[in-house]
Amino acid sequence: MKFTKLATLALFVLAAPAAMAQSIITVTEAKAFATAPSAMAGGGFMEITNTGTTDDMLIAVEADFPRVAIHTTEFTDGVARMMHVDSIPIPAGETVTLTPGGLHVMFMGLRGDPFEVGEKVDATLIFEVADAVPIVFNVVERDTATHSN
């Protein structure tokens, strides 16, 4: 009986630091831009804040599209090229912003069903440490004054 109590207490003491370390994720400014009627893909952008004490990583995004991926944009000789990334680090106590021309979510396979202003795109962010975070991307008009092709 004494051994069982000691073993239980030891397990609790060893597990306590891991239980206290956590990633607390909040998402703001989730948006996607309206796309052309013939567009095959659309981008998603947001701010992800980790107010926890443990670093985390965005490892996937799930949504009702044939393919959803995390991308970054690389520029070579003035030409932009989107590249798949496996994950996005979200350090404890920091905010990571996904923006046009940088890190972003790609929703692929629109199949003639473009993103239109006012629509909402449901998605779930999957993190390495934190629980899955359901979000809604609001489809907005692209601000042409701050974006150039």
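Hi everyone, let's start with two phenylalanines: Phe107 and Phe115 are both buried. Please keep in mind that we are looking at a predicted model.

How buried is Phe115? Its relative accessible area is 3%, and because buried means under 20%, Phe115 counts as buried. Phe107 and Phe115 also form an aromatic pair, with 5.9 Å from centre to centre and 70 degrees between the planes, so the pair is edge-to-face.

Now let's look at the other rings. The structure holds five aromatic pairs. One of them is Phe65 with Phe115, again edge-to-face, at 5.9 Å centre to centre and 70 degrees between the planes. Where do these two sit in the chain? Phe65 is in the loop between strand S3 and strand S4, while Phe115 is in the loop between strand S8 and S9. They are 50 residues apart, so this pair links distant parts of the chain. Phe65, Phe107, Phe115 and Phe137 together form one aromatic cluster.

Phe137 takes us to strand S10, residues 133-140. Which way do the side chains of S10 point? They alternate: Val133, Ile135, Phe137 and Val139 point to one face and are buried.

Strand S1, residues 25-33, runs parallel to S10 and is joined to it by three bridges, with Ala32 standing opposite Val139.

How values were computed:
Residues numbered from 1 in each chain as written. Predicted model: local features only at pLDDT ≥ 70, side-chain atom pairs only at ≥ 80, totals over all residues. Heavy atoms only, no water. Buried < 20%, exposed > 50% of the residue type's maximum accessible area, 1.4 Å probe, protein only. Helix = DSSP H or I, 4+ residues; strand = E, 2+ residues; numbered from the N terminus. Pairing = 2+ DSSP bridges. Phe/Tyr/Trp six-rings, centres within 6.5 Å; stacked < 30°, edge-to-face > 60°.
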